[in-house]
Amino acid sequence: MTDVAIIGGGIVGMTTALALSKITNAKVVLLDDKKSAFTDLQHPITIREQHKKLFKKIGIWSSIKDEIVAIKKLNISQKKYFGSITIDADKYNHEAIAISMPYATLYNALAKQVKDIVQNNIHIDMIESLHQNTCSITLKRSVMQAKRVIIADGAKAILSKKMGWTASTYGPTFFSVLHPITTDKWPAAYAGQRFTSSYSYGLIPHINTKRGWIIITM
C-alpha cells in the first residue's frame, strides 16, 4: 500500500507529490498520463518570491533559476482615485516581491523530477471509481489502495464529473486576455496593476528586458 496517491499531474499535483516524497519521505504515487500540451506554453506564471525555498527543497530551483525574472517593484492604481502605490522590495530588504517565468519552464522542471513516481502513465479516464472510506482507487483491470488520496485534476475537471461530484456554489467567473508586448521603455524588474470598475490591467515583465506581457481580466 502506498502512503499517498495523487490524481492529476498538473503543477499542483506534481508540486504536492514532490513535497511529500522529498520533504516527508512519504511513499507517493502520481496518477497522470503526462501527455500535456503545457510543455510548450510560454505565457507567464507569477508566484510569490517565498516559493523559492520550496523549489530548492523539491529539487527544481537549479532548473528554473536562469529563466526567472524577479519583480522588484509593483505599481498599483485605481480609476477615479488620485495617485498610485508603489511597493519596492529593496525598501523592505527583500530580494523580490514576486518571481515570474514561462509556464512551461515550471511545468517541465516539475515533470522531470516526478518521472520516477508517475504510475504507469495512468490517465484519469482509466479510473472507474474512488472509494472514500477505504481510500481505494478502482482502475481498469486493477485496484490501488493508499492511506490518503489527493485529487488535483482541476476545478470542474474530468474526474469530478465522472464521479458525480458537484459543488453547491461557485465563485464569480473571470475571463483573462494575455498578450505579449515589446518596448524599449520597460523599467527593469517592474510590474503594474490598474483597476477599473469592470477590468483589471496587469503588466508582467519578461526575462528579456525589452519584452513583457499585458493581462486584462474582466
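A nonpolar core is a set of buried Ala, Val, Leu, Ile, Met, Phe, Trp, Tyr and Cys residues joined through side-chain atoms within 4.5 Å; buried means under 20% relative accessible area with a 1.4 Å probe, protein chains only. The model is predicted: local features need pLDDT of at least 70, side-chain atom pairs count only at pLDDT 80 or more, and totals for chains, interfaces and linings use all residues. Residues are numbered from 1 along each chain as its sequence is written, and side-chain values use heavy atoms, without hydrogens and water.

Select Phe-55, Ile-60, Ile-64, Met-101, Leu-106 and Leu-110: in the largest nonpolar core, which has 28 residues, these touch the most other members. Next, colour α4 (103-114), a helix (DSSP run of H or I, at least four residues, numbered from the N terminus). The largest share of the core, six residues, comes from α4. Others that supply at least two residues each include β1 (2-7), α1 (11-23) and β7 (98-102).

Centre on Leu-110. Beyond its neighbours within four places in sequence, Leu-110 is in contact (heavy atoms within 4.5 Å) with Ile-11, Met-14, Thr-15, Leu-18, Ile-58 and Ile-60. A separate core of twelve residues includes Val-29, Leu-31, Ile-127 and Ala-146.

Move to the sheet. Strands are DSSP runs of E, at least two residues, and two of them pair if DSSP finds at least two bridges between them. Six strands form an open, mixed sheet in the order β6-β5-β12-β13-β14-β11. Its edges are β6 (85-88) and β11 (176-182), each pairing on one side only. Select β11 with β14 (211-217): the two run antiparallel and are joined by seven bridges. Val-177 has Ile-216 of β14 as its bridge partner.

How values were computed: Buried < 20%, exposed > 50% of the residue type's maximum accessible area, 1.4 Å probe, protein only.
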